[in-house]
Amino acid sequence: MPTPELRQLRWPATAAGLDTLGRLRHLAAGALRTGRPLALWREPDAAQPRLLVARSLEASFTGLPPALEAQAPAGFAFFPFRDSDHNPALFLPADVRYDAAEPDVVAVSAAANDIVPGLAAWLAAPAVETLSWHRSQQPAPHTATEAEYMRLVSEGVAAIETREVVKVVTSRAARRPLPAGFDAFAAFAKLLAKYPRAFVSLVSVPGVGTWLGATPEVLAEVTADGTFRTMALAGTQPLAPGMLPQQAIWRQKEIEEQALVARYIVSCFKQLRLREYHETGPRTAIAGQLLHLRTDFEVNLNNVPFPNLGTDMLRLLHPTSAVGGMPRQAAMNFIQEHEGYDRAYYSGFLGPVNVAAPGVARLYVNLRCLQLRPDEAVLYAGTGLTVDSDPEREWQETQMKLQTVSAVLQ
Ligand SMILES: C=C(O[C@H]1C=CC=C(C(=O)O)[C@@H]1O)C(=O)O
């Protein structure tokens, strides 16, 4: 359904030779060239990716997490794990939109009317070879060695034993060189093909940097038919070749770890005094070459007196105990004191709000992601700890999780 205040620009005949990926790339090039923030993403099981360009960086700064109601502004949320001057919370207004499923038009919001002449000229301009992605001003984060990470895990287990926390998720960053001729757009296209069930994204913001990922974890979703969804995702094991997910056997450690996340979600519903939710699972879910335990939660918004449930739940859920821990504040304090690096946008959340249509929002936890730097990538992964965590196994688990996105660096 076209949104009335959107102006539709048609691609000129000169662009006839560009396929949809070529058009997405060309629009991304235009945004980068003019110093504008942009997001490219493909929702799980959607056939085609979408692109959104914000008219300016200034228009993209925000305070609170976005409202998810149909009348709220349309845009793309890009939130850090923890707000700071270095890692601002962003909501890129949907000023320019391109949906590869409707390849012949580019939609421009009324707020961005002034950029129409430049954009129209750009649609007719020849495609460029190399794109200069926006860069972060921050130095690369500290990357933990195996010994350092194992020490962090032991400290986390000790904090659980002394009841400082019930669960905590520790994480680390890893640096990898970019292969010769690395192209972030081509890497995005590779992730699209490799992970059809993931939310695949490439976000580039002036001064903030460029992030690429393929995450399996829904944070908050509101659908056109009025359904709210979230999930408790935790517990990890490799998907062995030829193995069916239903054959997976889970240890008590993973079962408990995931149950805590599910319990946290239920406590958020309780806080809002909502009882009419449906809970399915836990079931084994595939995420790339990994398996997780997943419980799905669903609320029919047409049957409950909670018109703002999506917005309220989003504000309660972030950061979930799948990336922070429980109790939330104690786990956040532990991470701040012990982790020794800045997670930036890793384990924050991202996704479109009211872009596909008013009242449709799909926000994901930013996992299995990397930050692009001029000649290297910084990759991120974490592991949920319980009292039974073994430091060596947790290190191995981070190695496995890093492989999801490092597939594009080979
Ligand atoms: C923190 C991450 O994953 C979370 C989601 C699924 C399974 C997890 C785990 O088994 O620890 C984590 O809670 C990550 O991928 O960096």
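Two strands count as paired if DSSP finds at least two bridges between them. The views below apply this to a predicted model.

**View 1. An open sheet of eleven strands.** The strand order is S1-S7-S6-S3-S2-S9-S10-S18-S19-S8-S15. Pairing in this sheet is antiparallel. Strand S1 (7-10) and strand S15 (325-326) stand at the edges. Each has a single partner strand, so one side of each is left without a neighbour in the sheet.

View 2. S9 spans residues 199-205 and S10 spans residues 209-215. The two run antiparallel and are joined by seven bridges. Val205 stands opposite Gly209, a residue of S10.

**View 3. The crossing of helices H3 and H8.** Two packed helices are described by the angle between their axes and the distance between the axes. Helix H3 takes in residues 146-161. The axes of H3 and H8 come within 9 Å and cross at roughly 120 degrees. H3 and H8 are therefore oblique to each other. Their crossing is right-handed. On the H3 side, the contact involves Glu146, Tyr149, Met150, Val153 and Ser154. On the H8 side, it involves Pro391, Glu392, Glu394, Trp395 and Thr398. By class, this contact has five nonpolar, two polar and three charged residues.

View 4. The UniProt record, an unreviewed entry, annotates residues 146-401 as "domain: Chorismate-utilising enzyme C-terminal". Over residues 146-401 the chain is 30% helix and 35% strand. The end C-alpha atoms of this stretch are 15 Å apart.

**View 5. An open sheet of eight strands.** The strand order here is S5-S4-S16-S17-S11-S12-S14-S13. The pairing is antiparallel. Strand S5 (90-93) and strand S13 (278-287) are the edge strands, each pairing on one side only. Neighbouring strands of this sheet are turned by 15 degrees against each other on average, direction ignored.

View 6. Strand S11 holds residues 218-222, and strand S17 holds residues 361-365. Four bridges link S11 and S17 in the antiparallel sense. Val218 faces Tyr364 of S17 as its opposite residue.

**View 7. Helices H5 and H6 across their strands.** Helix H5 (residues 252-271) lies across strand S12 (227-238), S13 and strand S14 (290-300). H5 runs at about 165 degrees to S12. Helix H6 (residues 309-317) lies across S11, S12, S14 and S17. H6 runs at about 170 degrees to S11.

**View 8. Strand S14 and its partners S12 and S13.** Eleven bridges connect S12 and S14, paired in the antiparallel sense. Met231 stands opposite Asp296 in S14. S13 and S14 also run antiparallel, joined by eight bridges. Glu279 has Phe297 in S14 as its bridge partner. Ala285 has His292, again in S14, as its bridge partner.

View 9. The peptide bond from Gly281 to Pro282 is cis, and its omega is near 5 degrees. Pro282 belongs to strand S13.

View 10. Met326 and Pro327 are joined by a cis peptide bond with omega about -15 degrees. Pro327 lies in the loop between S15 and helix H7 (328-338). Ala344 is not a glycine, yet has a positive phi of about 55 degrees. Ala344 sits in the loop between H7 and strand S16 (349-353).

Notes
Residues are numbered from 1 along each chain as its sequence is written. This is a predicted model: local features need pLDDT of at least 70, side-chain atom pairs count only at pLDDT 80 or more; totals for chains, interfaces and linings use all residues. Axes are lines fitted to C-alpha atoms, for helices over the stretch in contact, and angles run from 0 to 180 degrees between N-to-C directions. Angles under 35 degrees count as roughly parallel, over 145 as roughly antiparallel, 65 to 115 as roughly perpendicular and the rest as oblique. A crossing is left-handed if the near helix is turned anticlockwise from the far one by less than a right angle, and right-handed if clockwise. Two residues are in contact if their C-beta atoms, placed from the backbone, lie within 7 Å. Ala, Val, Leu, Ile, Met, Phe, Trp, Tyr, Cys and Pro count as nonpolar, Asp, Glu, Lys and Arg as charged, and the others, Gly among them, as polar. UniProt positions are given in the numbering used here, feature names are shortened, and annotations may be inferred rather than shown by experiment.
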